[in-house]
Amino acid sequence: MSNPAVDHDAGGGADGEPRFSYRRIWLIGFGFLGVQLAFTTYNAFLPLMYREFFDSRAAIGLLMGTDNLIGLLLIPVVGAWSDRVNSPLGRRLPFVGVALPIAAAVFFAIPFASVALWTLIIAEIVFTAAMHAYRGPVISLMPDHTPPERRSTANGIVNLMGGIGTLLSFGVLALLYDIDPRLTFGVGAAVLLLTLVIVWRSAERHPPYIDQSEVASKNPVKDAVEGVQVLLQRPNRGQFLVLAAMLTYFIGYAGLDAMFPIYGVETLGLTEGRAAFILTTFAGSFLAFALLAGLIGTKAGKVPAMLLGLALLPVLFLAAIPVRSPVVIGAIFIAGGFGWALVNVQAMPLVADLGGRDRVGFYVGLYYIFTMAGQMVGPFVLGSAMDLLGNEGMFIAGAAAFALGFVLLRAGSRRLGKDPEELARETRLAEVE
């Protein structure tokens with residue numbers, strides 16, 4: 001039944017079809033705001049805390065890498081599990097209600113845990129595990145409440161809310177850190193709990209765009225493993241190619257994000273701060289164009305919008321190679337942020353569509369597996385290109401990653417060639433066989 005605390009325009013329409021509420025999506029988007037705020041703050045300040053115990057930057061990077069490793073192991077299992085839960089609170093909210101309070105409590109405790117290495121490591125592991133247990137289900141709430149044809153626009157709203165979370169982290173919590181780190185993590189924990197209240201009151205217990213029927217299997221690990229095996233079967237090769245495209249283009253994105261400060265200092269002659277600041281033009285442009293990109297995806301289709309972005313980005317990367325003006329690089333990055341918005345805003349809804357009405361959580365988990373894998377290897381790939389080709393190799397390798405993503409996505413979409421709901425039904429038949 002619907003939550004009476006929120007607007008009722010998600011109820012049945014005159015034609016019997018469930019009505020869709022953008023207002024509800026804005027409110028559910030607070031969940032992603034909390035995710036981005038917490039992880040941005042965590043990524044910014046945990047290395048500074050680890051610096052008190054290690055001189056080696058590699059050791060610090062290795063410890064920080066546990067975030068992605070835990071995510072790779074946990075997100076698909078929790079996603080598959082949330083598809084199978086059938087409770088009075090629905091499928092996603094039990095995970096949201098348990099995981100986020102744990103994450104907020106540990107987030108608040110991080111400055112206190114930094115007095116010793118072992119307590120800080122434990123706090124990091126518990127926080128990231130709780131956040132990843134929350135992340136998949138809360139992101140799955142968007143497709144649960146949204147018909148497939150409107151998911152690009154809805155995801156533009158969700159990404160905009162996530163961008164606001166990032167800005168709050170950099171613009172507010174970062175300033176509090178100089179006063180007292182306990183303020184940064186205390187206020188951040190309070191915001192997390194506030195987002196929980198908003199999502200809890202806004203989300204329907206049994207939203208209209210998810211299968212509410214009983215399911216036979218209750219083993220989330222078994223479901224996740226079998227789901228990956230089915231994905232690798234020949235009839236589902238199109239789905240695999242689409243996900244492989246996402247892994248590939250995230251190599252280009254994550255590599256640029258990590259390696260550009262080095263390029264800015266060594267090639268453009270900037271200070272470390274100015275070099276990092278130029279990247280905000282890319283991130284700010286993405287935030288500014290996220291909603292527009294979602295509207296374009298709704299009108300033109302998810303795959304055409306993504307292909308347009310993936311065609312634009314390699315051109316921009318290659319055009320940047322001879323440029324030595326920071327202003328011009330910033331202008332190129334503004335255009336690049338628009339291209340990235342065309343790609344990234346459509347991606348998760350496209351993957352969610354492949355899950356039909358009963359496997360959204362699992363497919364959202366797959367999305368995170370492939371994109372996080374790209375983020376893990378991206379800095380190494382583009383850094384290696386810089387070693388081999390000079391600093392300009394960063395743009396060459398990045399352009400190649402986006403171009404390969406274009407090829408894989410085009411090939412995958414051609415193999416699909418069908419409505420995602422129909423494809424999801426075929427996937428379920430393959431599992432039965």
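Begin with the largest nonpolar core, which has 117 residues, and select M246, Y249, F260 and F333, the residues with the most contacts inside it. A nonpolar core here is a set of buried Ala, Val, Leu, Ile, Met, Phe, Trp, Tyr and Cys residues joined through side-chain atoms within 4.5 Å, where buried means under 20% relative accessible area with a 1.4 Å probe, counting protein chains only. Helix 13, residues 326-354, gives the most to this core, with 14 residues; helices are DSSP runs of H or I with at least four residues, and strands are runs of E with at least two, both numbered from the N terminus.

This is a predicted model, in which local features need pLDDT of at least 70, side-chain atom pairs count only at pLDDT 80 or more, and totals for chains, interfaces and linings use all residues. Residues are numbered from 1 along each chain as its sequence is written, and side-chain values use heavy atoms, with hydrogens and water left out.

Now show helix 10, residues 237-266, together with helix 13; they pack at an angle of about 150°, with their axes 11 Å apart. Axes are lines fitted to C-alpha atoms over the stretch in contact, and angles run from 0 to 180 degrees between N-to-C directions. Helix 10 and helix 13 are therefore roughly antiparallel to each other, a term for angles over 145 degrees. On the helix 10 side, the contact includes M246, Y249 and F260, and on the helix 13 side it includes F333, W340 and N344. By class, the residues of this contact divide into 16 nonpolar, 2 polar and no charged.

For a second pair, select helix 2, residues 30-50, and helix 8, residues 181-202, which pack at an angle of about 160° with their axes 9 Å apart. Helix 2 and helix 8 are therefore also roughly antiparallel to each other. Among the residues of helix 2 that meet helix 8 are F30, G31, L37 and M49, while helix 8 brings residues including F185, G188 and V199.

Finally, show the whole protein, which has 16 helices and 0 strands, and in which buried residues make up 55% of the 433 residues.

Definitions and conventions. Angles under 35 degrees count as roughly parallel, over 145 as roughly antiparallel, 65 to 115 as roughly perpendicular and the rest as oblique. Contact means heavy atoms within 4.5 Å. Buried means under 20% relative accessible area, exposed over 50%, partly exposed in between (1.4 Å probe, protein chains only). Ala, Val, Leu, Ile, Met, Phe, Trp, Tyr, Cys and Pro count as nonpolar, Asp, Glu, Lys and Arg as charged, and the others, Gly among them, as polar.
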